[in-house]
Amino acid sequence: MIFLLNSLDKNSQIKIIKDLSKIIYKSPFFTPTLPRFNKPFKIKISNAGKWGWISNIQGYQYVEKHPETKKNWPEIPSSLLYLWQKHCCKIKMPDSCLINLYSFPNSSLGLHQDNNEKDLTNPVLSISLGSNAIFRYGKNKTNLNEICLKTGSICILKDSSRLYYHGVKKIQKVKENIIDECDFDCFPKNCRINITLRKFEG
């Protein structure tokens, strides 16, 4: 697993946040539920790209339409595609962009693997914005490492780390949250946003 801590400068982060606000205007955040138990996640999500990742009582799925608006997901903005090309691949472009919203202080995400894609040799790239996240990761669920992901950090799962377990233990409030500075109504105060770029179709 590759960590590029504090990789994005302030202007780059603001550009991405503005692009995300346009996506959320078209495809609002919603709360996914756990398969089988139908209990709500402790985060909200939305998507961009041809395929959006969702979770409900039927399982984890990639779908082409927002489950509430029934409209296609917006396109992945160029600001994110640039980062994929820079850090992952210039030929195979992502077709799915998951946007996770962590509201302070009660959001978290359990340990999981990114294994619903058709070709698991393609990397996964995630971007952290806003409040800090205590991120857990490891080859299995018993031997875990922890790292603090601050705003502007990038994480890449590839090669031997592609199927590492990972999750977010908790969110830490920061003195100056760049998302708050942008002042968009679609993002609550002191929140964290995580963007995950994947290639679903192979």
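Predicted model: local features only at pLDDT ≥ 70, side-chain atom pairs only at ≥ 80, totals over all residues.
Residues are numbered from 1 along each chain as its sequence is written, and side-chain values use heavy atoms, leaving out hydrogens and water. Local features need pLDDT of at least 70 and side-chain atom pairs count only at pLDDT 80 or more, while totals for chains, interfaces and linings use all residues.

View A. Asparagine 100 counts as buried because its relative accessibility is 5% (buried is under 20%, exposed over 50%, partly exposed in between, with a 1.4 Å probe and protein chains only). Leaving aside residues up to four places away in sequence, asparagine 100 touches Ile43, Lys44, Ile45, Leu109, Arg192, Ile193 and Asn194 (contact is heavy atoms within 4.5 Å).

**View B. Where helix α1 meets helix α2.** Look for Lys15, Ile16 and Asp19 of α1 against Ser79, Leu80 and Leu83 of α2.

**View C. The largest nonpolar core.** Such a core joins buried Ala, Val, Leu, Ile, Met, Phe, Trp, Tyr and Cys residues through side-chain atoms within 4.5 Å. Of its 28 residues, Leu20, Ile127, Leu129, Phe187, Ile193 and Ile195 touch the most other members. The biggest contribution to this core, five residues, comes from α1. Not counting residues up to four places away in sequence, isoleucine 195 has contacts that include Ile16, Leu20, Leu80 and Cys97.

Key. Helix = DSSP H or I, 4+ residues; strand = E, 2+ residues; numbered from the N terminus.
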